[in-house]
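Subject: Structure for your review

Dear colleague,

Please find the structure below, followed by a summary of what was found in it.

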Amino acid sequence: MLLVCAPGEQHSVQMEALAAALGERALPVRMFGAALPADALCEAVRRTGPRAVVLWAQSRTTADAAPARAVAGIEWGLRGARGHSALLLAGPGWGAGAAAQPTRTERLFGLRSGLAVIESVVALRAPAPGNAAGRAAPAACGS
C-alpha cells in the first residue's frame with residue numbers, strides 16, 4: 001500500500017490517520033509526505049509495485065487528473081507478468097466538479113468505508129498460498 005498526497009497538496013494529516021489504521025490491521029504501508037512531485041510519485045509506484053495507491057487531494061486545485069492518469073497507467077513487474085496498482089482517490093478535492101476520474105480507480109469517502117475498500121482490494125489481489133505464479137511484484141517490496 002502506498003499513501004501519497006497529490007502534487008502541490010500540503011494537507012497530510014488524513015494520510016497519517018489512514019497509515020495508523022492500516023498499521024493496526026497489519027497491512028504494510030509506505031507513506032510519502034505532502035506535495036510529492038508527480039515524477040517522484042510515478043517512480044515510487046513503478047519501483048515498489050504496490051497493490052494500491054491512495055492519492056489524497058484536499059482541494060480541487062490539487063486534484064489534478066494528469067498525475068492520477070499517469071499512476072493508473074503504470075505497469076510494474078516482470079515482462080509477461082505485469083501488474084497494475086489499484087488507484088484509490090481520497091479527499092474532498094476529488095468531489096463533484098473535479099477532473100474526470102481515470103479508469104481503474106475508485107473513490108474513498110471516509111476512513112471507515114475507505115478501510116473496507118482497501119481491505120477488499122488487498123484481499124482480491126493477494127496471491128493464493130503457495131502460488132508463486134500469482135505474484136506480480138517481488139515480496140521484498142512490502143506492499
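Against which elements do the buried residues of α2 pack? They pack against β1 (2–5), β2 (30–31), β3 and α3, where contact means heavy atoms within 4.5 Å.

Before the details, some conventions. This is a predicted model, in which local features need pLDDT of at least 70 and side-chain atom pairs count only at pLDDT 80 or more, while totals for chains, interfaces and linings use all residues. Residues are numbered from 1 along each chain as its sequence is written, and side-chain values use heavy atoms, with hydrogens and water left out.

Overall architecture

The protein has four helices and five strands, in the order β-α-β-α-β-α-β-β-α from the N terminus. Helices (H or I, at least four residues) and strands (E, at least two) are DSSP runs, numbered from the N terminus. Of its 143 residues, 41% count as buried; buried means under 20% relative accessible area, exposed over 50%, and partly exposed in between (1.4 Å probe, protein chains only). Among contacts between residues at least 6 apart in sequence, 73% join residues at least 24 apart.

Helix α2

The buried residues of α2 are L41, C42, A44, V45 and T48. Seen down the helix axis, they fall within an arc of 160°, so they line one face of α2; the arc is that of the directions from the helix axis to the C-beta atoms. D39 and R47, on the other side of α2, are exposed. After the helix comes G49, with a positive phi near 55°.

Helix α3

Helix α3 spans residues 65–72, and A65, P67, A68, V71 and A72 are buried in it. These residues cover an arc of only 165° around the axis, which puts them on the same side of α3. The buried residues of α3 pack against α2 (38–48), β3 (52–56), β4 (86–90) and β5 (105–108). At the start of α3, a side-chain oxygen of D64 comes to within 3.1 Å of the backbone nitrogen of A66.

T105 belongs to strand β5 and is buried, with a relative accessible area of 17%. Leaving aside residues up to four places away in sequence, T105 touches A72, L87 and L89.

Cysteines

C5 is buried, at a relative accessible area of 1%, and C42 is buried at 12%. The structure holds zero disulfides, a disulfide being a pair of cysteine sulfur atoms within 2.5 Å.

Yours sincerely

Notes:
Polar contact = N/O pair within 3.5 Å; in protein donor to acceptor, adjacent residues only side chain to side chain.
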